[in-house]
Amino acid sequence: MTRAITSTLLSPEAGGPVKRTVLPSGLRVLSQSVPGFRSVTFGLWVGVGSRDEPEQLAGATHFLEHLLFKGTERRDALEISAAIDAVGGEMNAFTGKEYTCYYARVLDSDLPLAVDVICDMITSATLTPADVESERDVIDEEIAMHADETSDHIHDLFAEQLWGKSPLGRSITGTPETLAGLSRQQIVGWYRRRYKPSNIVVSVAGNVDHAEVVRLVRKAFERHWVTAEAEPVAVRRAPGKRVPTYGGVRVHHRDVEQAHLVLGMPGLVRSDERRYIAGVLHGIVGGGMSSRLFQEVREKRGLAYSVFTFGSAYADSGMVGVYAGCLPKKAPEVLDVIRAELESIASGNITPDELLRGKGQMRGSVVMGLEDTGAKMTRIAKAELVYGELPTVDEILHRIDSVTLDDVTALAAELYAGTPALTVMGPFDEDTTAFTV
């Protein structure tokens with residue numbers, strides 16, 4: 001029988017070494033011991049997201065995430081939630097475009113319980129017809145609630161505009177129409193095809209012993225899944241051909257008091273080495289209260305309450321964008337100011353002080369963002385499942401410090417020259433010509 005293989009990846013500055021074991025089934029287990037903490041965050045990551053769905057299964061990954069909390073052969077929905085509540089822990093899950101995560105944060109002494117509950121959900125969900133139908137209604141409510149949160153919903157509409165009908169452009173939750181078309185048989189088939197040991201990464205951070213984590217995980221999975229012989233460990237999502245993007249203007253009429261604007265364009269793919277430059281650029285343009293857009297749009301002109309930059313990167317595509325929320329009558333002027341500032345930055349009008357603030361903001365977010373076990377758990381999981389590398393914090397800080405004014409200017413000129421897409425939501429006619437890109 002193939003033996004488990006354990007290795008030490010690195011010894012980060014904050015916490016103990018990150019250790020990795022590949023079980024005979026191909027399931028990967030990573031942990032980082034953090035001395036002095038009494039809590040543990042246990043995460044189970046599955047390498048499947050909404051972009052993996054064929055059109056007829058749109059929304060199935062998120063639907064399945066909900067259903068795994070409804071019951072297993074050993075526990076009903078109340079017993080799943082009550083088990084973690086009874087020890088003062090917290091448990092949740094989320095679905096992304098390229099992965100799904102289930103996690104629990106508990107006291108270190110309750111790690112065996114967290115492992116047992118989450119692995120039980122993953123390996124032996126019953127997915128009963130009654131649960132499928134009741135949860136379908138719940139997700140319909142979730143979709144409706146999200147549509148009412150206009151400042152969030154506009155980002156889904158922008159992704160749809162930028163990436164069109166590709167899976168990256170679809171909403172993670174699906175739509176009421178696609179949801180209604182999903183049968184229990186389709187969801188069960190998706191579960192069986194995608195939830196396999198070789199497509200799963202277990203990540204744990206806190207007051208833990210790696211050997212004990214491996215023992216608990218092995219025991220939990222062997223209860224239901226045969227793990228003696230393995231499929232090959234899943235290869236990380238290959239970059240592939242870049243996903244096409246689209247520009248133009250799209251106006252969505254809503255009878256709301258505030259206009260919502262997203263102006264964006266294609267960004268970097270996840271593996272691009274310039275991602276640290278992009279992080280500094282984000283801080284300069286719209287990442288904080290001292291950023292160019294916050295100062296120009298809100299502080300100096302009082303045109304909007306909220307304005308910020310954002311971005312996302314995937315294996316074969318990416319986006320950068322600016323969001324602003326303002327009174328409808330001010331929307332055209334807000335757009336003019338945003339465009340002018342992007343053009344100014346792309347032309348090299350960045351000061352040394354702005355560069356220092358951009359670097360400082362990114363340095364702080366990296367270091368302070370790793371000061372809890374949940375963040376550490378996420379970091380080592382994504383290193384395994386997504387990035388393929390786990391640099392130390394000092395290495396990350398060095399990469400940030402190495403960014404120059406020329407680096408930032410060159411990247412801004414490249415990104416902001418991309419074909420722009422503009423998504424507008426508010427009390428406007430959908431065929432209006434008031435907005436242009």
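## Exercises on a predicted model

Gly43 is buried, with a relative accessible area of 0%. The model used in these exercises is a predicted one.

**Exercise 1.** Find which strand holds Gly43, and state how far Gly43 lies from Ser203 in sequence and in space.

*Solution.* Step 1: Gly43 belongs to strand β4, which covers residues 39-46. Step 2: along the sequence, Gly43 and Ser203 are 160 residues apart. Step 3: in space, their C-alpha atoms are 5.1 Å apart.

**Exercise 2.** Compare the span of helix α3 with the expected span, then decide how many of its residues are buried.

*Solution.* Step 1: α3 runs over residues 111-124 and has 14 residues. Step 2: from first C-alpha to last, α3 reaches 20 Å, close to the 20 Å expected at 1.5 Å a residue. Step 3: a residue counts as buried when its relative accessible area is under 20%. Step 4: twelve of the 14 residues of α3 are buried, so the helix is largely enclosed by the rest of the structure. Among these buried residues are Leu111, Asp116, Val117, Cys119 and Ser124.

**Exercise 3.** Place Thr72 in the chain, and give its C-alpha distances to Val117 and to Leu397.

*Solution.* Step 1: Thr72 is in the loop between α1 (60-67) and α2 (77-85). Step 2: Thr72 is buried, with a relative accessible area of 8%. Step 3: Val117 is 45 residues from Thr72 in sequence, and the two C-alpha atoms are 9.6 Å apart. Step 4: Leu397 lies in helix α14, residues 393-401, and is buried at 12% relative accessibility. Step 5: Leu397 and Thr72 are 325 residues apart along the chain, with 44 Å between their C-alpha atoms.

**Exercise 4.** Is Arg170 buried or exposed? Also give its separation from Asp336.

*Solution.* Step 1: Arg170 is found in the loop between α5 (150-163) and α6 (176-180). Step 2: the relative accessibility of Arg170 is 18%, and the cut-off for buried is under 20%, so Arg170 counts as buried. Step 3: Arg170 and Asp336 are 166 residues apart in sequence and 29 Å apart in space, C-alpha to C-alpha.

**Exercise 5.** Describe residues 28-175 from the record and from the model.

*Solution.* Step 1: an unreviewed UniProt entry annotates residues 28-175 as "domain: Peptidase M16 N-terminal". Step 2: over residues 28-175, the chain is 44% helix and 19% strand.

**Exercise 6.** Describe the largest pocket: its volume, its lining residues, and the parts of the chain that supply them.

*Solution.* Step 1: the largest pocket holds about 1600 Å³ of space. Step 2: its lining has 48 residues, with Arg275, Ala313, Met362, Lys382 and Tyr387 nearest the centre. Step 3: by class, the lining has 28 nonpolar, 13 polar and seven charged residues. Step 4: elements that each supply at least two lining residues include β9 (259-266), β10 (306-313) and α12 (352-368). Step 5: α9 gives the most, with eight residues. Step 6: domain 1 (5-223) and domain 2 (248-426) each contribute at least three residues to the lining.

Key: Residues are numbered from 1 along each chain as its sequence is written. This is a predicted model: local features need pLDDT of at least 70, side-chain atom pairs count only at pLDDT 80 or more; totals for chains, interfaces and linings use all residues. Side-chain values use heavy atoms; hydrogens and water are left out. On a 1 Å grid over the protein atoms alone, a cavity is a set of points where a 1.4 Å probe fits but cannot get out, and a pocket is an open set with protein on both sides within 12 Å along at least five of seven lines; lining residues have an atom within 4 Å of a point. Grid points are joined across faces, edges and corners, and a volume is the space filled by probe spheres set on the points. Helices (H or I, at least four residues) and strands (E, at least two) are DSSP runs, numbered from the N terminus. Ala, Val, Leu, Ile, Met, Phe, Trp, Tyr, Cys and Pro count as nonpolar, Asp, Glu, Lys and Arg as charged, and the others, Gly among them, as polar. Domain bounds come from an automatic or database domain assignment. UniProt positions are given in the numbering used here, feature names are shortened, and annotations may be inferred rather than shown by experiment. The expected span of a helix is 1.5 Å times one less than its number of residues. Buried means under 20% relative accessible area, exposed over 50%, partly exposed in between (1.4 Å probe, protein chains only).
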